[in-house]
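I opened my notebook to look up a few things in this fold. Here is what I checked, entry by entry.

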Amino acid sequence: MKAAKALPVERKKVPLRIKTEVLTEAGYRCAVPSCRTLLLLDLHHMYQVSEGGGDTAENLIPLCPNDHARYHRGEIPKEAIFAYKSILVAISRAFDLESMDRLLFLETLSKDFLKISGDGVLIFGRLIAAGLADVKLKANNNDLIVTYTVNISQKGRLLVDAWRSGDHAEITRAVSGPIPGLNDAGRVS
Ligand SMILES: [Zn+2]
């Protein structure tokens, strides 16, 4: 008789409730801040099942197939994954994820590029309130049209840089630290 072939260990499916929680926390996007793709997200176990990690929301992070493969090739360090997770957890509680994508968007713009109306300002309300974005009233044409410009603030830039770096200490500093520029001899590192 033929010996029974060992079946590959079948990974238990992550319960839908947990999956939804993890994806919601990440805004249904890849957790890598330079990526943020919406497509075909895998849930990656930060601690593998063999390391005692389970199917809990704290242990799962959404990655697109490309970044998942990059992680397994060692191109994304494990510490960065933990850092991305910690920022998603902090952000999803302190802000809303749309705000964070708006922050990433602002970061890509040159200064004073984004001119918006009053209701446009409201969209950036949370970022402005948190000091991550700056708003300025623009000179207008004979008061007929009032416009504003919204830019990422120095603090916002520090947060985005820390997030992209995947460095946990930097993120902690950016999220909870004092306002940059007012300490450390006026230098923003
Ligand atoms: Zn990705």
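Entry, overall layout. I am working with a predicted model. I found eight helices and five strands in the protein chain. Along the sequence I read the pattern α-β-β-α-α-α-β-α-α-β-β-α-α. Of the 189 residues, 25% count as buried.

Entry, confidence. The mean pLDDT of the chain is 82, and 84% of its residues reach 70 or more. I marked residues 6-10, where pLDDT stays under 50 and the model has zero contacts beyond four places in sequence. I also marked residues 178-189, again with pLDDT below 50, although this stretch has 13 contacts beyond near neighbours in sequence.

Entry, helix α3. Which residues of α3 are buried? I listed Ala83, Tyr84, Lys85, Ile87, Leu88 and Ile91.

Entry, the sheet. I traced an open, antiparallel sheet of three strands in the order β3-β5-β4. β3 (115-116) and β4 (133-137) each have a single partner strand, so one side of each is left without a neighbour in the sheet. Two bridges join β3 to β5, residues 148-152, and Ile116 has Tyr148 of β5 as its bridge partner. Finally, I saw helix α4, residues 97-108, lying across β4 and β5, at about 95 degrees to β5.

Definitions and conventions:
Residues numbered from 1 in each chain as written. Predicted model: local features only at pLDDT ≥ 70, side-chain atom pairs only at ≥ 80, totals over all residues. pLDDT = per-residue confidence, 0-100. Contact = placed C-beta atoms within 7 Å. Buried ≥ 20, exposed ≤ 12 C-beta atoms within 10 Å, placed from the backbone. Helix = DSSP H or I, 4+ residues; strand = E, 2+ residues; numbered from the N terminus. Pairing = 2+ DSSP bridges. Axes fitted to C-alpha atoms, helices over the stretch in contact; angles between N-to-C directions.
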